[in-house]
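Let us take a friendly walk through a protein model, one neighbourhood at a time.

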Amino acid sequence: MRFTSEQRLDDGVLEREFTLGEIPGTLWTPGSGAPAPLILMAHNNGLPKAEPRLVARARYTAAHGYAVASIDAAGCGDRPRSAADEQARADLRRAMQAGDPVDEIFESFIGPLVENAVPEWRTTLDALLELPEVSGPVGYSGGWTALGIRLAVVEPRIAAAGFFAGGYVPRAQREEARQVTVPLLFLLQWDDEGNPRQRALDLFDAFGSKEKTLHANPGGHTGTPWFELEDGCRFLDRHLK
């Protein structure tokens with residue numbers, strides 16, 4: 001892991017860009033400098049790790065006493081996209097404009113993204129936990145629920161997870177949800193235009209966690225209230241501190 005830049009933000013959080021092989025990432029750590037539990041904060045749909053909503057969540061969480069890391073998965077941010085990815089995105093745009101079903105397009109597109117992203121996230125986790133300012137336990141928080149489900153199943157170092165019910169979850173991960181047993185906080189926007197409400201409720205029901213909490217708020221995809229971030233930190237505190 002090689003740090004390429006750093007800046008101290010006005011809330012005391014240290015923000016550093018890094019590269020790990022071909023993987024670009026950002027690490028935010030609290031101002032105290034003491035070893036902090038780690039939160040993996042993922043995104044999808046080609047968004048960059050510098051997406052403003054993700055950065056705001058990361059900075060708030062780091063200021064609350066956590067190390068927070070995000071990476072650009074293959075095909076996200078500035079990383080190259082394959083011809084197959086570009087074709088799938090074009091097919092998706094056409095189908096959505098025409099009002100046609102899009103589930104099978106999402107299935108063929110998101111499934112491979114998850115499979116490719118998981119090894120990179122695990123490699124990143126290995127490197128982060130070697131840093132003196134980062135400690136366990138580890139949590140997951142992010143809008144990429146499909147990736148979070150897969151990581152929670154295969155990565156024993158993840159002790160708690162917060163998911164946003166706003167993205168497509170492939171059938172494979174909907175089945176894997178039954179194997180997720182870590183404490184779970186699931187956020188649902190009740191009027192999310194791109195996420196059928198019943199599918200999100202069915203996914204919540206499928207999770208195998210003994211402790212799982214559903215927070216539902218009115219509004220569309222990007223309307224999650226800010227107070228849910230505060231509640232999310234309290235959830236993390238219960239299980240990671």
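Predicted model: local features only at pLDDT ≥ 70, side-chain atom pairs only at ≥ 80, totals over all residues.

## Starting at a buried ring

Residues are numbered from 1 along each chain as its sequence is written, and side-chain values use heavy atoms, with hydrogens and water left out.

## Rings that meet

How many aromatic pairs are there? The count comes to seven, where rings of Phe, Tyr and Trp (its six-membered ring) pair if their centres lie within 6.5 Å; planes under 30 degrees apart count as stacked, over 60 as edge-to-face and the rest as tilted. One of these pairs is Phe186 with Phe204, which is stacked, with 6.0 Å from centre to centre and 20° between the planes. This pair links distant parts of the chain, 18 residues apart: Phe186 belongs to strand S8 (residues 184–189) and Phe204 to helix H6 (residues 197–206). Helices (H or I, at least four residues) and strands (E, at least two) are DSSP runs, numbered from the N terminus. Phe204 is buried too, at a relative accessible area of 16%.

Phe186 also pairs with Phe207: the ring centres are 5.6 Å apart and the planes stand at 70°, so this pair is edge-to-face. Because Phe186 is in strand S8 and Phe207 is in the loop between H6 and strand S9 (212–217), the pair ties together parts 21 residues apart in sequence. Both Phe186 and Phe207 are buried. Ring pairs join Tyr140, Phe163, Phe186, Phe204 and Phe207 into a cluster.

## Charges over rings

Lys241 lies over the face of Tyr66, 4.5 Å from the ring centre.

Find Thr26 in strand S3 (residues 23–29). Is Thr26 buried or exposed? Thr26 is buried, with a relative accessible area of 2%. Its side chain and that of Glu17 are joined by a polar contact of 3.0 Å; such a contact is a pair of N or O atoms within 3.5 Å, and within protein one must be able to donate a hydrogen and the other to accept it, while residues adjacent in sequence count only if both atoms are side-chain atoms. Not counting residues up to four places away in sequence, Thr26 touches several others, including Phe18, Lys49 and Val68, where contact means heavy atoms within 4.5 Å.

Asn195 is found in the loop between S8 and H6. Asn195 is buried, at a relative accessible area of 8%, and its side chain reaches the backbone oxygen of Ala165 at 2.3 Å.

## Helices and a cis bond

Helix H4 (residues 145–154) is mostly covered, with seven of its 10 residues buried. Among them are Thr145, Leu147 and Ile149. In helix H3 (residues 103–128) you will find Phe109, which is buried with a relative accessible area of 5%. Leaving aside neighbours within four places in sequence, Phe109 is in contact with Asp85, Ala88 and Arg89.

Arg174, in helix H5 (residues 171–176), counts as partly exposed at 25% relative accessibility. The C-alpha atoms of Arg174 and Arg199 are separated by 9.8 Å, and the two residues are 25 apart along the chain.

Most residues other than glycine have a negative phi, and most peptide bonds are trans. The peptide bond from Gly136 to Pro137 is cis, with omega near -5°. Pro137 lies in strand S6 (residues 134–142).

## The largest pocket

Which element gives the most residues to the lining of the largest pocket? H7 does, with six residues. Strand S4 (36–42), helix H1 (52–63), strand S7 (158–164), S8 and helix H7 (227–240) each supply at least two.

Conventions
Buried < 20%, exposed > 50% of the residue type's maximum accessible area, 1.4 Å probe, protein only. Lys NZ or Arg CZ within 6 Å of the ring centre and 35° of its normal.
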